[in-house]
Amino acid sequence: MRLLSRQSWNPLALIATARTLIRRPGLLVPHVAVSNVDALDFDALRAAGVASIIFDKDNTLTAPYVDTAHIEVADAITRA
């Protein structure tokens with residue numbers, strides 16, 4: 001239960017996700033798979049009309065319950 005108490009919640013994001021799930025569920029399905037966030041070509045995604053990207057923060061961008069990015073993805077986050 002201790003870990004759960006450290007979890008932060010973003011109610012506005014939850015509401016927006018629920019609305020998207022109802023109105024445009026296809027947006028919540030992965031469309032690109034890469035081995036590492038650093039492999040994403042953000043310029044190509046922008047050129048293709050991509051306006052937003054959703055990441056799972058823990059174990060993707062940071063270690064669980066840590067607010068600093070993994071060194072491997074820090075440059076990609078800056079480029080984004």
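Which residues does Ala-76 touch, not counting residues up to four places away in sequence? Ala-76 touches Val-37, Asp-38 and Phe-42, where contact stands for heavy atoms within 4.5 Å.

## Basis of the model

This is a predicted model, in which local features need pLDDT of at least 70 and side-chain atom pairs count only at pLDDT 80 or more, while totals for chains, interfaces and linings use all residues. Residues are numbered from 1 along each chain as its sequence is written, and side-chain values use heavy atoms, with hydrogens and water left out.

## Nonpolar core

Ala-76 belongs to the largest nonpolar core, whose seven residues also include Val-37, Leu-40, Phe-42, Leu-45, Leu-61 and Val-73. Such a core is a set of buried Ala, Val, Leu, Ile, Met, Phe, Trp, Tyr and Cys residues joined through side-chain atoms within 4.5 Å; buried means under 20% relative accessible area, exposed means over 50%, and partly exposed covers the range in between, with a 1.4 Å probe and protein chains only.

The elements that give two or more residues to this core are α3 (42-47) and α4 (71-79). Helices here are DSSP runs of H or I with at least four residues, strands are runs of E with at least two, and both are numbered from the N terminus. In soluble globular proteins, nonpolar side chains tend to be buried together.

## Nonpolar surface patch

On the surface, Leu-21, Ile-22, Leu-27, Leu-28 and Ile-54 form a nonpolar patch with about 550 Å² of accessible area together. Accessible areas come from the Shrake-Rupley method with a 1.4 Å probe, and for residues only the protein chains shown count as cover. Patches are made of residues with over 30% relative accessible area and no salt bridge, like charges being joined within 9 Å and nonpolar side chains (Val, Leu, Ile, Met, Phe, Trp, Tyr) within 5 Å.

A search of the whole structure finds one salt bridge, a term for a side-chain nitrogen of Lys or Arg within 4 Å of a carboxyl oxygen of Asp or Glu. The partners are Asp-43 and Arg-46, whose closest N and O atoms are 3.1 Å apart; both lie in helix α3, three residues apart, which is about one turn of the helix. Asp-43 is exposed at a relative accessible area of 57%, whereas Arg-46 is partly exposed at 40%.

## Loop between α3 and α4

Thr-62 lies in the loop between α3 and α4 and is buried, with a relative accessible area of 4%. The side chain of Thr-62 reaches the backbone oxygen of Val-66 at 3.2 Å. Beyond residues up to four places away in sequence, Thr-62 touches Lys-57, Asp-67, Thr-68, Ala-69 and His-70.

Pro-64, in the loop between α3 and α4, is partly exposed at 37% relative accessible area, and, leaving aside neighbours within four places in sequence, Pro-64 is in contact with Asp-58 and Asn-59. Tyr-65 is also found in the loop between α3 and α4; phi of Tyr-65 is near 60°, a positive value in a residue other than glycine, and Tyr-65 counts as partly exposed at 33% relative accessibility. Ser-52 has its place in the loop between α3 and α4 and is exposed, with a relative accessible area of 63%. The C-alpha atoms of Ser-52 and Ala-33, which are 19 residues apart along the chain, are separated by 15 Å.

Conventions: A polar contact is a pair of N or O atoms within 3.5 Å; within protein, one must be able to donate a hydrogen and the other to accept it, and residues adjacent in sequence count only if both atoms are side-chain atoms.
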